[in-house]
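Please keep the sequence and the model at hand while reading.

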Amino acid sequence: MPETIVINGRSIDRGEKVLTKLVISKLPSGTVIEIPVYVFRSVHDGPVVLLMAGMHGDEVNGTEIIRRMLSKKMLYPLKGTIIAVPILNIYGFLNFSREVPDGKDVNRSFPGNREGSLASRVAYRFMKEVMPYVDYGLDFHTGGSSRENYPQIRCVLSDHKNEELAKAFAAPFVLNAPYRQGSLRKEAGKLGKSILVYETGESLRFDEKGIKTGMEGTCRVLHHLGMTANCAEAKEPTIVCQKDIWLRAKNAGLWRTTIQAGEYVKKGQLVGSITDPYGEMEVRLNAPATGYVIGLNNMPVVNQGDALLHIAF
Ligand SMILES: [Zn+2]
């Protein structure tokens, strides 16, 4: 564990608990955009764990998970350091948007560029100032607008540390998810740091079950690393899935389903239908595979090719 952590020029010694701010840039109005970074350090040696939310600014479940843990003082470690970032993409948070104002996705912009566009600058500052200290991390996300994810961990299961932390988190589902180009998870992986993604619910909507599951899972990971004293055990067993497939809309129209997120479906099972809005056409849809519905489109109006059900197995 480093003796001193320096973020945005602020030195943080063992035993300190501070809120520092990572300056990114200025808005056209001149307002300075800075990312609040909480750093809680024990005097005792231990790992450095990152808890990060709001990389996609409209995905507020993770922000709420970290907010509740901050407010309940659950992030003071017995050993090591916890770095908590409740909102990475301040721009998206203010605009109710996934992206930054240039339309780019921060989680496709890592490792970033000092002279690049906004998304790339956010990624660059984070990689330079925060990531060098981090050993492990949890990156909180949600499904998109009206796309609900059942609480799940996504990670590369062939990596032993990922697998160990996913087991400790004990979410209802773990999905083996290869690294994506430009993601924090991939760039951290290259540096030998394990970042797990926790997904729950949909953007701009609180998912109470997923928030609680996220807090408990985070607590279990910290406990596993010896950083907290005790945590609640998982209420459901974890189902590990190696593969996943999307059922997509063959036709545009009105989509309806009686399937709930988390449900088990069999290949060929009727899972819903798409109709035109005039009562003349109906297309029935069957599950493309046997598995668990880990993601569900709750938007009734769909276009051809839209993702409807995410099935993992
Ligand atoms: Zn996201």
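Helices (H or I, at least four residues) and strands (E, at least two) are DSSP runs, numbered from the N terminus. The model is predicted, so local features need pLDDT of at least 70 and side-chain atom pairs count only at pLDDT 80 or more, while totals for chains, interfaces and linings use all residues. Residues are numbered from 1 along each chain as its sequence is written.

Most residues other than glycine have a negative phi, and most peptide bonds are trans. Ala-170 is not a glycine, yet its phi is positive, about 60°. Ala-170 is found in the loop between α4 and β9 (173–176). A residue is buried if 20 or more other C-beta atoms, placed from the backbone, lie within 10 Å of its own, exposed if 12 or fewer, and partly exposed in between. Ala-170 counts as buried because it has 21 C-beta neighbours inside 10 Å.

Ser-146, in the loop between β7 and β8, is likewise not a glycine and has a positive phi of about 65°. With 16 other C-beta atoms within 10 Å, Ser-146 is partly exposed. The peptide bond from Phe-110 to Pro-111 is cis, with omega near 5°; Pro-111 lies in the loop between α2 (90–95) and α3 (118–129).

Axes are lines fitted to C-alpha atoms, for helices over the stretch in contact, and angles run from 0 to 180 degrees between N-to-C directions.

| Pair | Angle | Axis separation |
|---|---|---|
| α4 and α6 | about 125° | 7 Å |
| α1 and α6 | roughly 55° | within 9 Å |

Angles under 35 degrees count as roughly parallel, over 145 as roughly antiparallel, 65 to 115 as roughly perpendicular and the rest as oblique. The angle of the second pair therefore makes α1 oblique to α6. The crossing of α1 and α6 is right-handed, a term used if the near helix is turned clockwise from the far one by less than a right angle.

Two residues are in contact if their C-beta atoms, placed from the backbone, lie within 7 Å. Helix α1 contributes Asn-61, Glu-64, Ile-65, Arg-68 and Met-69 to this contact, and α6 contributes Gly-210, Ile-211, Gly-214, Met-215 and Thr-218. By class, the contact of α1 with α6 has four nonpolar, four polar and two charged residues. Here Ala, Val, Leu, Ile, Met, Phe, Trp, Tyr, Cys and Pro count as nonpolar, Asp, Glu, Lys and Arg as charged, and the others, Gly among them, as polar.

The crossing of α4 and α6 is also right-handed. In that contact, Leu-165, Ala-168 and Phe-169 of α4 meet Gly-217, Arg-220, Val-221 and His-224 of α6. Four nonpolar, two polar and one charged residues make up the contact of α4 with α6.

**Surroundings and ends of the helices**

Which elements do the buried residues of α6 pack against? They pack against β5 (48–52), α1 (60–71), β7 (136–143), β8 (147–155), α4 and β10 (194–202). The buried residues of α6 include Ile-211, Cys-219 and Leu-222. Those of α1, among them Val-60, Ile-66 and Met-69, pack against β5, β6 (81–85), β7, β10 and α6.

Gly-226, with a positive phi near 80°, follows α6. Lys-73, with a positive phi near 55°, follows α1.
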